[in-house]
Structures are given as C-alpha cells and as structure tokens.
Amino acid sequence: MTEAPAAEQTRSHSKPKAHAAPASRIVLAVDIGGSHVKVELSSGSERRAVESGAKLTAAKMVEALRDLTADWHYDLVTMGYPGPVIAHRAAADPFNLGPGWKDFDFETALGKPVRMVNDALMQAIGSYEAGRMLFLGLGTGLGSAMIAESVCMPLELAHMPYRKATFEDYVGERGLERRGKGKWRKSVFDVVERLDKALLPNYIVIGGGNVEKLKELPPKCRRGSNDNAFRGGFRVWLDESLRI
C-alpha cells in the first residue's frame with residue numbers, strides 16, 4: 001500500500017472538530033454499502049434504507065439521505081464508509097459506488113456535524129467491550145479494524161500477501177466462490193490464526209455477511225452482528241472513552 005504523504009499522515013492523527021455531543025443529542029448513523037445505504041437514529045427508530053450501487057455519487061447520497069430522513073430530527077451524523085478515511089473524510093472513491101466521494105464535505109452538504117469512519121471500524125466500535133479486540137469482516141472482501149484499550153484503529157489487511165495472492169482472495173467472496181465452502185472455512189481459520197499471532201488481541205470478533213457460513217468459529221472468536229454497525233455509529237459521538 002502506498003504510504004500517505006506526511007501532511008496527510010499528520011491530518012489523519014488530528015482530532016475531529018470540537019463539536020459537543022451530550023447524551024441528549026441524537027445521532028444519525030449511516031451505513032454505506034455497495035447495495036444499500038442504511039440509516040438509524042440513536043433515539044430509537046426504524047431502520048430505513050435506499051439502494052446504492054455503481055451510480056451513487058456522494059452528492060446523490062446526500063439527496064437520498066435528505067429524502068430518507070425528511071421526517072426525522074437529529075443533531076449529529078456518523079458515516080461508515082467502505083474505503084480509507086482520513087480526518088473524517090473519504091481518502092479515495094469506493095470501489096463499488098460512483099465517483100466524487102474523496103474529500104467531499106458532508107458537514108456543509110448536510111448542515112450537521114459529521115464524523116466519517118471506515119465501515120469495518122464502525123462495526124468494530126459497536127462490538128467492542130474492553131482490552132484489545134481485533135475485528136474481521138467477512139464479506140465481498142475482508143474488512144479489518146483493531147481497538148486497543150479504547151484506541152480505535154482502522155486496518156487494511158485485505159490486500160496483504162497470503163499464499164499465492166492476498167488474504168482477501170482466499171477469505172473474501174471470490175475465494176468462497178472459487179474454492180468452495182469447505183476450503184474457504186479452512187482458509188478463514190488459517191488467516192485468523194496468523195493474525196492472532198501477529199496482533200495479539202485478547203479476543204476477535206468476526207462479522208460481515210459471510211460469518212453465517214461458518215459452522216464453528218476459530219479460538220478466541222465470537223460472532224459479530226451487522227446491528228453493531230449502528231451501535232458503533234452512535235458510540236462514535238456518544239462514548240467519550242473512545243479515541244477515534
């Protein structure tokens with residue numbers, strides 16, 4: 001992976017804008033996926049969704065969000081974004097959506113304070129209990145994040161070399177379709193064991209849509225839930241113990 005320029009590295013470690021977020025304020029959590037954009041309120045609401053896809057630009061998503069939440073009141077926004085994020089803005093356009101996401105100013109467009117995080121990190125935050133947790137999302141690719149003593153760190157493990165290709169090629173959707181469920185499960189166990197030895201987490205949460213295809217889990221692992229993405233979106237603003 002190409003190293004970010006020094007200015008971007010500094011920006012990525014800077015604190016988000018100092019917006020107050022008392023518990024009484026309502027957070028809109030937005031889970032941006034390749035097929036749907038889903039939303040939910042921290043105050044308790046139904047979950048709503050709109051189709052996304054390859055033609056969805058950042059500007060079109062803003063319009064869709066306005067329509068989807070026209071009768072909702074909220075004060076703050078968290079977005080789970082399927083790509084790299086620096087200083088709460090998209091650092092690159094996503095693979096499965098339209099153009100125009102990189103550095104798009106959602107705060108100005110929505111007129112609300114916005115914190116954007118990688119989508120795997122948002123689900124990891126919703127799954128986190130304490131200590132050192134590794135999160136792995138089994139889906140189209142391999143999402144990954146780690147939270148160590150409340151410090152939240154997005155990871156990009158999917159494209160690291162593994163056997164004849166990458167981790168994603170073996171445990172992502174392509175590997176499942178190409179090699180079959182049995183070999184895919186063995187690869188998941190092997191990848192988890194390697195990452196456990198390398199990163200030394202206290203426990204591992206495996207989420208994503210394909211976790212349901214595992215009959216049993218590797219040692220130290222528990223199943224995640226897609227619902228945790230929304231819980232994580234709320235915690236991004238409301239849990240002051242987290243360092244994001």
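In the predicted model, strand β1 (residues 27-32) and strand β4 (residues 76-81) run parallel to one another and are paired over five bridges, where pairing requires that DSSP finds at least two bridges between two strands, and where strands (E, at least two residues) and helices (H or I, at least four) are DSSP runs numbered from the N terminus. Along this pair, the bridge partner of A29 in β4 is T78, and D31 stands opposite G80. With β2, by contrast, β1 pairs in the antiparallel sense, again over five bridges; V30 stands opposite V39 of β2, and the two strands are joined by a hairpin through three residues. Residues are numbered from 1 along each chain as its sequence is written, and side-chain values use heavy atoms, with hydrogens and water left out. Because the model is predicted, local features need pLDDT of at least 70 and side-chain atom pairs count only at pLDDT 80 or more, whereas totals for chains, interfaces and linings use all residues.

These strands belong to an open sheet of five, ordered β3-β2-β1-β4-β7, in which the pairing is mixed. Neighbouring strands are turned by 20° against each other on average, direction ignored, with axes taken as lines fitted to C-alpha atoms (for helices over the stretch in contact) and angles running from 0 to 180 degrees between N-to-C directions. Helix α4 (residues 119-127) packs on the sheet, touching β1, β4 and β7, and its direction makes about 95° with that of β7; contact here means heavy atoms within 4.5 Å. Helix α8 (residues 227-238) also packs on the sheet, touching β1, β2 (36-41), β4 and β7, with a direction at about 135° to that of β1.

Strand β1 is mostly covered, six of its six residues being buried, that is, under 20% relative accessible area with a 1.4 Å probe and protein chains only, against over 50% for exposed and partly exposed in between. Both of its faces are covered, with V27, A29 and D31 buried on one side and L28, V30 and I32 on the other. The largest nonpolar core has 26 residues, and V30, I32, M61, M79, W101 and F106 have the most contacts inside it; such a core is a set of buried Ala, Val, Leu, Ile, Met, Phe, Trp, Tyr and Cys residues joined through side-chain atoms within 4.5 Å. The largest share of this core, five residues, comes from α2.

Five aromatic pairs are found in a search of the whole structure, rings of Phe, Tyr and Trp (its six-membered ring) being paired if their centres lie within 6.5 Å, and counted as stacked for planes under 30 degrees apart, edge-to-face over 60 and tilted for the rest. The pair formed by Y81 and W101 is tilted, because the ring centres lie 5.8 Å apart with the planes at 40°. Y81 lies in β4 and W101 in the loop between β6 (89-90) and α3 (106-110), so the pair ties together parts that are 20 residues apart in sequence. Y81 is buried at 0% relative accessible area, and W101 likewise counts as buried at 0%. Ring pairs link Y81, W101, F104 and F106 into a cluster.
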